[in-house]
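I opened this structure to see how it is put together. These are my notes, in the order I looked things up.

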Amino acid sequence: MRNETTRKVIFTAMMAALSYVVFTFLQFKIMLPGGDATSIHLGNAVCVLAALLLGGVWGGLGGALGMTIGDLFDPIYIVYAPKTFILKFCIGLIVGLVAHKIGHITQINDTKKVLKWVIIATVSGLLFNVIFDPLVGYFYKLVILGKPAAELTLAWNITATSINAVLSSIVAVIVYMALRPVLKKSNLFIEIK
């Protein structure tokens, strides 16, 4: 048990680092009115991948920490760090719940069934993000930050979040399905019950 917890902590830290790098250095930033910005990135793909590999809590934590640290180091995004942490952690929780508690992807060996549940879990988590990231972002900007330009940036945020969801879904599913047999063969696969 202790060895498994250590492995989860190490993998969570690796996913946080990967999430940070992908979000920070592989993004296409779109500047918006009022000094705001949105971006096209694959940080959510890492968050989903982490939840598929580690379960909802550990995976969500890894993805959320990485992207939150990315926000903290960016002068434009720094004010959104709390929102990022909560929403990305929720992506991980939802993906983990669907993949592991409902689909039991680590306990089945039928590749088609695994693929089906990986797709369902990924779409569930990122659909949550497509709905709640712009919605929470709008209220966060309007109420907490007092930015009157919240309405102006809403359409851009919905568009960017939707593009991110589609790209992240494709990448996360492909990478997970490729990593799964490799991790099993090398005895690094974590079975989540």
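I began with the largest pocket, which has a volume of about 180 Å³. I worked on a 1 Å grid over the protein atoms alone, where a pocket is an open set of points with protein on both sides within 12 Å along at least five of seven lines, and a cavity is a set where a 1.4 Å probe fits but cannot get out. Lining residues have an atom within 4 Å of a point. Grid points are joined across faces, edges and corners, and a volume is the space filled by probe spheres set on the points.

**Ground rules.** I noted that this is a predicted model, in which local features need pLDDT of at least 70 and side-chain atom pairs count only at pLDDT 80 or more, while totals for chains, interfaces and linings use all residues. Residues are numbered from 1 along each chain as its sequence is written, and side-chain values use heavy atoms, with hydrogens and water left out.

**Pocket lining.** I listed the residues lining the largest pocket, among them Phe11, Met14, Leu53, Leu183 and Ile190. By class, this lining has 11 nonpolar, no polar and no charged residues. Ala, Val, Leu, Ile, Met, Phe, Trp, Tyr, Cys and Pro count as nonpolar, Asp, Glu, Lys and Arg as charged, and the others, Gly among them, as polar. Helices H1 (2–25), H2 (43–54) and H6 (150–185) each supply at least two residues of the lining.

**Overall fold.** I found 6 helices and 2 strands, in the sequence pattern α-β-β-α-α-α-α-α. The radius of gyration is 17 Å, close to the 16 Å that the globule rule gives for 193 residues, so the protein is as compact as a globular protein of that length. That radius is taken over C-alpha atoms, and the rule is 2.2 Å times the number of residues to the power 0.38. Helices (H or I, at least four residues) and strands (E, at least two) are DSSP runs, numbered from the N terminus.

**Cavity.** How many cavities of 30 Å³ or more does the structure hold? I found 1. About 320 Å³ of space lies in the largest cavity. Of its 22 lining residues, Ala37, Thr38, Tyr77, Lys83 and Asp133 are the closest to its centre. The lining has 6 nonpolar, 10 polar and 6 charged residues. H5 gives the largest share, 5 residues.

**Helix H5.** I traced H5 over residues 111–144. H5 bends by about 30 degrees at Phe132, and Pro134 follows within four residues. The bend is the angle between axes fitted to the seven residues ending at a residue and the seven starting there. After H5 comes Gly146, with a positive phi near 65 degrees.

**Helix H6.** I saw a bend of about 25 degrees at Leu179 in H6, with Pro181 following within four residues. Just after H6, Asn187 has a positive phi of about 60 degrees.

Definitions and conventions: The expected span of a helix is 1.5 Å times one less than its number of residues.
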